[in-house]
Amino acid sequence: CDNSRSAGRNTADDKFAAGMEQMTDGSNMTVENTSPLLYAAWLFALVGTIGSLFLSEVMLFPPCVLCWYQRIALYPLVVIIGIGIATRDRNVTRYALPICLIGLAIAVYHNLLYFGLIPESITPCTEGVPCNAKQLELLGFITIPLMALAGFVSIAVCLVLSRPKQN
């Protein structure tokens, strides 16, 4: 066996070992189990997406402008977090959290507007459904904007708490 020929080249075994070392040292991916909080964030995003589609397509509640903006932030989270879970990408929070925080900011603004803490004169809802229209109030206080706010807060908390610890 001529060891001098293979000494300067990586063999398949060497490449496999290097790949396994990279996966276990945490540089890009991890072999460890994905945080249950990441699954919870994905589930909150999925339920929010299905819920918003149910309210508009089945219950026939037309979404206001701010609801549309929140949907634009919410719907991709199902895909982004889902892919992060499937590929075990430890950086999924880095991709999903900014989008979630944008949706959260819009949800906070929407609730302030809905509950009258912001004057109607600065609302973006000039045509169609007013952003402070009372379409649904469960138990007398759970509104569609409040459900959106709770969803974004839940997703954000799960994403922040699921972040891997820095070495």
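Trainee: How much of the protein chain counts as buried?
Mentor: Of its 167 residues, 32% count as buried. Please keep in mind that this is a predicted model.

Trainee: What share of the contacts joins residues at least 24 apart?
Mentor: The share is 68%, counted among contacts between residues at least 6 apart in sequence.

Trainee: Let us turn to α4. How many residues does it have, and how far does it reach?
Mentor: Helix α4 covers residues 65–87, which makes 23 residues. From its first C-alpha to its last it reaches 34 Å, close to the 33 Å expected at 1.5 Å a residue.

Trainee: Where does α4 bend, and by how much?
Mentor: The bend is at Leu77 and amounts to about 25 degrees. Leu77 is also one of the buried residues of α4.

Trainee: Which other residues of α4 are buried?
Mentor: The buried residues include Leu66, Gln70, Arg71, Ala73, Leu74, Val78, Ile81 and Ile85. Cys67 and Gly84 are buried as well.

Trainee: Why would residues three or four places apart point the same way?
Mentor: An α-helix has 3.6 residues a turn, so residues at that spacing point the same way.

Trainee: What covers the buried residues of α4?
Mentor: The cover includes α3 (36–58), α5 (92–114) and α6.

Trainee: How does the span of α3 compare with what it should be?
Mentor: The 23 residues of α3 should span 33 Å at 1.5 Å a residue, and the end C-alpha atoms are 31 Å apart, which agrees. Among its buried residues are Leu38, Ala41, Ala45, Thr49 and Leu55. The buried residues of α3 pack against α4, α5 and α6.

Trainee: What about α6, how many residues are there and what is its reach?
Mentor: Helix α6 has 19 residues and reaches 27 Å between its first and last C-alpha, close to the 27 Å expected. Its buried residues include Ile144, Leu149, Phe152, Ile155 and Leu159. These and the other buried residues of α6 pack against α3, α4, α5 and β2 (142–143).

Trainee: Take Ile155 then. Why does it count as buried?
Mentor: Ile155 counts as buried because its relative accessibility is 0%, and the cut-off for buried is under 20%.

Trainee: Which residues is Ile155 in contact with, leaving aside neighbours within four places in sequence?
Mentor: Ile155 is in contact with Ala41, Phe44, Ala45, Leu74, Leu77, Ile81 and Cys100. Leu77 in that list is the residue at which α4 bends.

Trainee: Is Val157 buried, exposed or partly exposed, and why?
Mentor: Val157, which lies in helix α6, counts as partly exposed because its relative accessibility is 41%.

Trainee: A change of topic: which residue follows α3 with a positive phi?
Mentor: That residue is Leu60, with a phi near 60 degrees. Leu60 is not a glycine and is placed in the loop between α3 and α4. Leu60 is exposed, since its relative accessible area is 62%.

Trainee: Lastly, where is Pro98, and how far is it from Ala73?
Mentor: Pro98 is found in helix α5. Pro98 is partly exposed, with a relative accessible area of 43%, whereas Ala73 is buried in α4.

Note on methods. Residues are numbered from 1 along each chain as its sequence is written. This is a predicted model: local features need pLDDT of at least 70, side-chain atom pairs count only at pLDDT 80 or more; totals for chains, interfaces and linings use all residues. Side-chain values use heavy atoms; hydrogens and water are left out. Helices (H or I, at least four residues) and strands (E, at least two) are DSSP runs, numbered from the N terminus. Buried means under 20% relative accessible area, exposed over 50%, partly exposed in between (1.4 Å probe, protein chains only). The expected span of a helix is 1.5 Å times one less than its number of residues. The bend at a residue is the angle between axes fitted to the seven residues ending there and the seven starting there. Contact means heavy atoms within 4.5 Å.
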